[in-house]
Amino acid sequence: MRRSEIVLEVKELQKSFTIPGSEESFLILDGVNLKVANGRTVAILGKSGSGKSTLLSLIAGLDSPSSGKIMVRNNDLNSFDEKKLTHFRAKNLSMVFQQFQLINHLSVIDNVILPLYLTDQIDNLSKDKAVKLLTEIDLEERINFFPRDLSGGEKQRVAIARSLMVEPEVILADEPTGNLDVKTGAKVIKQFFQLVKKKNKTLILVTHDLSLAKKCQEIYEIVNGKLVKRK
């Protein structure tokens, strides 16, 4: 894939929610448009409740828009049935959550390899690939540990390694340092961006932290339901 090729496009995206106990609806995203080229890093800023995490969930295919389109590699996510969407999402979109989302009864290396089982891509080289990824983020001595044995920063680095196992088109990160102290968060983010750049991955990062957003090549902000590019 050429670096300039558009890998993600959001067209006139709207999302509204019905207020419980009434027929009144609340419009949280109002005609959002976004184009992201392959290998770009993009930050989306916004206050709490602005809709930034909602937008990320829509791009991830975890929620459905009220109207508009989300295109990944020219595939319209809204056109897929649930089975096809699940399969496409597993191969093309990876998420890094604030809460790590590791499986407690699986070892570090098994947590990292898990996406390959879910996408039927497991092979004899999978373990070697996982070990290489974990080595790149200084966790080679933790491969047989379990999540309970890890610090918060180590857990997030495992989650980052897991997100890269299926060679996704787009990595989506939701407040990836939200549960980490400043020093640990800085180390994790440095390694995260190094891996993203080395593997030429497209990154969409949602945060309220301007200093973190500035590490990305492009910065947008959700204002009154609209996505506005910051200069």
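Residues 24 or more positions apart account for 71% of those contacts (heavy atoms within 4.5 Å) in the protein that have a separation of 6 or more. The model is predicted: local features need pLDDT of at least 70, side-chain atom pairs count only at pLDDT 80 or more, and totals for chains, interfaces and linings use all residues. Residues are numbered from 1 along each chain as its sequence is written, and side-chain values use heavy atoms, with hydrogens and water left out.

**Overall form**
- The protein has seven helices and 10 strands, which are DSSP runs numbered from the N terminus (helices: H or I, at least four residues; strands: E, at least two).
- A compact globule of 231 residues would have a radius of gyration near 17 Å, and the 18 Å of the protein agrees with this; the radius is taken over C-alpha atoms, and the globule rule is 2.2 Å times the number of residues to the power 0.38.
- The C-alpha trace spans about 50 × 45 × 40 Å along its principal axes.

**Burial**
- Of the 231 residues, 50% are buried, that is, under 20% relative accessible area with a 1.4 Å probe, protein chains only.

**Helix 5**
- Helix 5 (residues 152-164) has 13 residues and should span 18 Å at 1.5 Å a residue; its end C-alpha atoms are 19 Å apart, which agrees. The expected span is 1.5 Å times one less than the number of residues.
- Helix 5 is mostly covered, with 11 of its 13 residues buried; among them are Gly153, Glu154, Arg157 and Leu164.
- These buried residues pack against strand 6 (93-96), helix 3 (108-118), helix 4 (126-136), strand 7 (170-174) and helix 6 (182-198).
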